Amino acid sequence: MDQSSSASTGTSEADDTVSQNQHSPRRADKKRRRHRSKDAGAAEVNGHSSRSAKRRASLSKAARDPLDEPTGKKSKKRKSSASAAAAAPAAESTIITRSPSPLIDFDGLSRPSRGTRERLEESPEQAAVRLEKMRGAVRTILECIGEDPDREGILDTPARYAKALLFFTKGYQQNVKDIVNNAIFHEGHNEMVIVKDIEIFSMCEHHLVPFNGKMHIGYIPRDNVIGLSKLPRIAEMFSRRLQVQERLTREVANTIMEVLKPQGVAVVMESSHLCMVMRGVEKTTTSTLTSCVLGCFEKKEKTRNEFFSLVGLTRR
């Protein structure tokens, strides 16, 4: 009995071992599935996938005017050799005419338009022709509104206005490199720098009437600082163009970010627009407030609030 029982026991243990070995791959597969489901659950919390952790901050692509965006976009799909060869000349022309920056060109001109370089490089004779052309245009406007261009009081108005308009828009001829003039110094300073109450005068591009106000510029250096007078000069350069306030604020912030490479830049502007005061809704007490925050000012609410408080935008 002992031998038979021991034999039967040995047989049953062997059968269990065989059956266990047969089921072990299935159990391993089940364990793998459980681990995968757990990993998937950990990667997706509150409906947000793990891709959100890889999301880049907006500093990697600062706010830009649509005109600043490159015309050609890279496609993820592979192109044939023929299409790639056809696209090569366009890419080369883009590299030649524009720098890698969408804001500042090779020679320091900021977002030059088609006529900017012509005006900058024209000879005295060409400048005289331009002035005479503008004078004739203003004379035509005076005639169209019902005035007598030969009247004594406005006889010289066409020439005066033409010269004034060229002065109002002198920012088209200014160069970012000449304005900064290498006035960037290594000081090891990493605290906030603010220049407040910069007076701004510009021309609304929609109605060619002025708007004016004050701009506040702040930045947090990355060891390097820029000459304090350069910040108002950069703001002046962009304001002496046909503008809208939103773009003016953004262009100043992006230029400082690009030239100085700080930890962050914040620009706030408050102004009054004569196109709202003299026409349209005719509200004389209205003001427009715009801001552009980049880098650490955008990422950190505490830093942003500190800047707003120091420039007087936080109500107490």
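Helix 7 buries Lys 230, Leu 231, Ile 234, Ala 235, Met 237, Phe 238 and Ser 239. Buried means under 20% relative accessible area, exposed means over 50%, and partly exposed lies in between, with a 1.4 Å probe and protein chains only. Helix 7 spans residues 230–239 and is mostly covered, with 7 of its 10 residues buried. Helices (H or I, at least four residues) and strands (E, at least two) are DSSP runs, numbered from the N terminus.

The model is predicted: local features need pLDDT of at least 70, side-chain atom pairs count only at pLDDT 80 or more, and totals for chains, interfaces and linings use all residues. Residues are numbered from 1 along each chain as its sequence is written, and side-chain values use heavy atoms, leaving out hydrogens and water.

**Around helix 7**

What do the buried residues of helix 7 pack against? Their partners are helix 6 (176–180), strand 2 (193–204), strand 3 (210–220), strand 4 (223–226), strand 5 (242–243) and helix 8 (245–260). Contact here means heavy atoms within 4.5 Å. Helix 7 lies across strand 2, strand 3 and strand 5. It runs at about 15° to strand 2. Axes are lines fitted to C-alpha atoms, for helices over the stretch in contact, and angles run from 0 to 180 degrees between N-to-C directions.

An open sheet is formed by 5 strands, in the order 5-2-3-6-7, with mixed pairing. Strand 5 and strand 7 (288–295) are the edge strands, each pairing on one side only. Two strands pair if DSSP finds at least two bridges between them.

Strand 2 and strand 3 run antiparallel, joined by 9 bridges. They form a hairpin with 5 residues between them. Leu 208, in the turn, has a positive phi of about 55°. Strand 2 also pairs with strand 5, in the parallel sense, over 2 bridges. There, Met 203 stands opposite Leu 242 of strand 5. Two bridge partners in strand 3 are Met 215, for Ile 198, and Ile 217, for Val 195.

**Positive phi**

Most residues other than glycine have a negative phi.

**A pocket**

The second largest pocket has a volume of about 320 Å³. On a 1 Å grid over the protein atoms alone, a pocket is an open set of points with protein on both sides within 12 Å along at least five of seven lines, and lining residues have an atom within 4 Å of a point. A volume is the space filled by probe spheres set on the points.

Which residues lie nearest the centre of the second largest pocket? They are Arg 119, Arg 130, Thr 169, Tyr 172 and Leu 242, out of 13 lining residues. Helix 3 (116–121), helix 4 (124–144) and helix 5 (157–168) each supply at least two residues of the lining.

**The whole chain**

The chain has 11 helices and 7 strands. Of its 316 residues, 31% are buried. Among contacts with a separation of 6 or more, 68% come from residues 24 or more positions apart.

Methods: On a 1 Å grid over the protein atoms alone, a cavity is a set of points where a 1.4 Å probe fits but cannot get out, and a pocket is an open set with protein on both sides within 12 Å along at least five of seven lines; lining residues have an atom within 4 Å of a point.
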